[in-house]
Amino acid sequence: MQSEHRKVLVREGDRLVLSVMGDTDVELRFDPPVQVAGQDEPVARVAFWVDDPQAVVRLLRERAVPAGY
């Protein structure tokens with residue numbers, strides 16, 4: 001099934017954005033910045049769209065590795 005929705009991957013400074021119809025609803029922040037496949041420079045933030053942002057944030061927090069680990 002094809003959709004009319006645009007999906008866009010854009011680099012904005014230290015931020016990598018994967019939007020749907022120009023929108024994002026979750027942003028991950030990395031300190032220090034991380035290397036991402038396909039990007040020349042490390043990224044400090046990754047923003048993206050998901051259907052259930054609260055569930056995704058909860059899942060990511062459960063699996064987060066403490067800084068310096």
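This is a predicted model: local features need pLDDT of at least 70, side-chain atom pairs count only at pLDDT 80 or more; totals for chains, interfaces and linings use all residues.
The chain averages a pLDDT of 88, the largest pocket has a volume of about 310 Å³, and Arg15 is a buried residue in strand 2.

**Confidence**
- Across the protein chain, 87% of the residues reach a pLDDT of at least 70.
- Strand 4 (residues 43-48) is where confidence is highest, with a mean of 97.
- At the other end sits strand 1 (residues 7-12), where confidence is lowest, at a mean of 86.

**The largest pocket**
- The volume comes to about 310 Å³, and 14 residues line this pocket.
- Leu28, Arg29, Phe30, Ala64 and Val65 are the lining residues closest to the pocket's centre.
- Strand 3 (26-34) and helix 1 (53-63) each bring at least two residues to the lining.
- Strand 3 is the top contributor, giving 8 residues.
- By residue class, the lining splits into 10 nonpolar and 4 charged, with no polar residues.

**Arg15**
- You'll find Arg15 in strand 2, which covers residues 15-20.
- Its relative accessible area is 18%, so Arg15 counts as buried, the cut-off being under 20%.
- The Arg15 side chain makes a polar contact with the side chain of Glu27, at 2.8 Å.
- Setting aside neighbours within four places in sequence, Arg15 is in contact with Val10, Thr24, Glu27, Arg45 and Ala47.

Methods. Residues are numbered from 1 along each chain as its sequence is written. Side-chain values use heavy atoms; hydrogens and water are left out. On a 1 Å grid over the protein atoms alone, a cavity is a set of points where a 1.4 Å probe fits but cannot get out, and a pocket is an open set with protein on both sides within 12 Å along at least five of seven lines; lining residues have an atom within 4 Å of a point. Grid points are joined across faces, edges and corners, and a volume is the space filled by probe spheres set on the points. Helices (H or I, at least four residues) and strands (E, at least two) are DSSP runs, numbered from the N terminus. Ala, Val, Leu, Ile, Met, Phe, Trp, Tyr, Cys and Pro count as nonpolar, Asp, Glu, Lys and Arg as charged, and the others, Gly among them, as polar. Buried means under 20% relative accessible area, exposed over 50%, partly exposed in between (1.4 Å probe, protein chains only). A polar contact is a pair of N or O atoms within 3.5 Å; within protein, one must be able to donate a hydrogen and the other to accept it, and residues adjacent in sequence count only if both atoms are side-chain atoms. Contact means heavy atoms within 4.5 Å. pLDDT is the predictor's confidence in each residue, from 0 to 100.
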